[in-house]
Amino acid sequence: MNRTPWWAHPTCLFSIPLVLLAIAASVLPASIYAEQWRTWKHFDDRALLIVLSAAAVFSLGAMLPRATGRFPSATAEPEVPRIVWPLFWTAFWLSVAGYVIWFGAAAARGMRWEHIEALAATQAPMADIVKNTYMTTVSGVTTLTQFGMAASVLGCLLGTVAGWGRLIPPLGTLGALAAIRSVLNSERLAVIELVVPALLAWLVIHNFRSEVARRLVNVMPVLGMGLLFVFFTASEYNRSWKSFYSARHDSLIEFAGARLAGYYVTALNNGAALEELAPGGFGTPYHTLNFAWRLPVIKDTAKSFLPTPPLDTAEKFERFLGGSVNIEFNNPGGVFLPIVDFGIPMGLAYWFAAGLICGWLYRHYEARTSIGVCLYPLAGLAMIESARVLYWAEGRSIPSMVWLAVAAWLILNYQRRLQTRRIWTMSQVGAQAGGAA
């Protein structure tokens with residue numbers, strides 16, 4: 001049986017959701033934008049054509065690696081070298097250290113237990129106070145928390161191959177810390193970026209023996225959307241419903257559904273507004289190399305070689321958009337960002353190249369090579385989030401991408417040495433048998 005879920009293909013993770021969201025953004029009338037999300041509608045036929053073109057060229061690029069007929073050698077059962085264990089534990093402790101320092105910095109800024117109690121009691125102003133006063137990021141330190149994604153992927157690889165006994169406590173710790181972060185910092189993505197890559201890694205290497213389990217895997221996108229809605233509704237209940245929106249809406253379910261859809265539809269709408277206000281692009285790879293302006297040391301180098309980015313602060317972003325969008329829904333629309341940087345022709349070329357890379361990684365993911373198992377789960381998360389943000393270009397994705405690339409290289413070298421040793425042993429045995437004859 002092919003263990004790769006059908007829905008894990010790049011076209012399913014990127015193009016299909018993007019097209020459906022773009023159609024929804026296009027057909028929804030301007031009155032809905034105004035009533036539900038308090039924003040002007042910018043997503044017109046031109047924006048729809050741009051998104052459909054990006055989805056098409058991405059899918060074309062993703063299909064080409066299979067069309068060549070050259071496939072990576074499949075791995076029957078993954079063999080994990082011992083070096084992966086220290087890589088896992090190092091990523092885990094770096095993430096924990098990042099959280100400890102971050103929470104410690106919040107305490108040093110004055111956050112106390114009564115603030116957390118007020119937040120839990122949904123006192124309206126407290127969420128913004130905690131996020132913007134106490135939980136502001138610490139440059140170069142907060143990034144350490146992002147090693148949790150690498151730890152979750154490596155943990156699933158190790159757990160499937162070597163057993164889960166030693167791994168449940170650290171993985172549970174990372175999950176708990178991400179959940180606390182999602183509450184204190186109003187950052188649901190902290191939980192999603194642990195769960196989705198870990199799930200993609202586990203699904204491709206786990207041997208499902210039950211037919212029921214296999215069928216559940218096939219319908220997992222539906223289950224996932226249901227769980228996302230439950231998670232989103234629960235977080236919005238504490239975040240905004242009880243303290244503010246309950247007085248304006250009759251149904252929590254309807255409010256949560258409209259708000260969840262709003263995060264994605266308004267992201268595309270914001271992207272259309274950016275593209276409309278910057279025809280031809282800015283000519284600066286600010287969004288496509290966003291991490292270069294965020295990570296310590298790297299950002300200073302980037303600023304010395306590249307033009308000053310026009311939207312490098314939230315204030316500039318808000319000023320640029322003016323009063324044409326609701327800054328409460330401030331996702332920039334990831335699919336538009338290469339076009340905002342470079343213009344339509346080069347922006348579409350970017351998405352074609354991205355499709356090629358994701359298609360190549362998917363072939364390795366299907367074959368369960370170290371490259372595919374380590375790197376495709378993060379690419380999968382980035383594709384899912386592409387309607388909202390350009391995730392793989394953000395600083396929060398870089399630590400785990402680099403760490404998992406190192407892990408993939410070490411595992412690949414180990415497997416090659418192991419194969420060479422086996423061939424040498426077989427040749428020696430054959431030579432001895434020939435001499436005895």
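## Basis of the model

Because the structure is predicted, local features need pLDDT of at least 70 and side-chain atom pairs count only at pLDDT 80 or more, while totals for chains, interfaces and linings use all residues. Residues are numbered from 1 along each chain as its sequence is written, and side-chain values use heavy atoms, with hydrogens and water left out.

Helix 6 spans residues 126–134; helices here are DSSP runs (H or I, at least four residues), numbered from the N terminus. Met-126, Ala-127, Val-130 and Tyr-134 of this helix are buried, a term that stands for under 20% relative accessible area, as against exposed at over 50% and partly exposed in between (1.4 Å probe, protein chains only). Viewed down the axis of helix 6, the buried residues fall within an arc of 115 degrees, so they line one face of the helix; the arc is taken from the directions from the helix axis to the C-beta atoms. An α-helix has 3.6 residues a turn, so residues three or four places apart point the same way. Asp-128 and Asn-132 are exposed on the face of helix 6 that is turned away from the buried side.

## Nonpolar cores

A nonpolar core is a set of buried Ala, Val, Leu, Ile, Met, Phe, Trp, Tyr and Cys residues joined through side-chain atoms within 4.5 Å. The largest one has 94 residues, and those with the most contacts inside it are Phe-43, Leu-154, Leu-268, Phe-336, Trp-351, Met-383 and Trp-392. Helix 9 (residues 189–205) supplies the largest share of this core, eleven residues. A second, separate core has eleven residues, including Val-130 and Met-135.

Leu-268 touches, among others, Leu-18, Phe-43, Phe-336 and Ala-387, not counting residues up to four places away in sequence; contact means heavy atoms within 4.5 Å.

## The second largest pocket

On a 1 Å grid over the protein atoms alone, a pocket is an open set of points with protein on both sides within 12 Å along at least five of seven lines, a cavity is a set where a 1.4 Å probe fits but cannot get out, and lining residues have an atom within 4 Å of a point. Grid points are joined across faces, edges and corners, and a volume is the space filled by probe spheres set on the points.

The second largest pocket holds about 1,300 Å³ of space. Of its 39 lining residues, Pro-221, Gly-224, Met-225, Leu-228 and Ile-384 are the closest to its centre. Helix 11 gives the most to this lining, with ten residues, and the lining divides into 34 nonpolar, four polar and one charged residues, where Ala, Val, Leu, Ile, Met, Phe, Trp, Tyr, Cys and Pro count as nonpolar, Asp, Glu, Lys and Arg as charged, and the others, Gly among them, as polar.

## Two single residues

Asn-331 lies in the loop between helix 14 (314–321) and helix 15 (337–342), and with a relative accessible area of 12% Asn-331 is buried. Its contacts, not counting residues up to four places away in sequence, include Tyr-263, Asn-270 and Arg-388.

Ala-176, in helix 8 (residues 168–184), counts as partly exposed at 38% relative accessibility. The C-alpha atoms of Ala-176 and Val-191 are separated by 9.0 Å, although the two residues are 15 residues apart along the chain.

Conventions. Helices (H or I, at least four residues) and strands (E, at least two) are DSSP runs, numbered from the N terminus.
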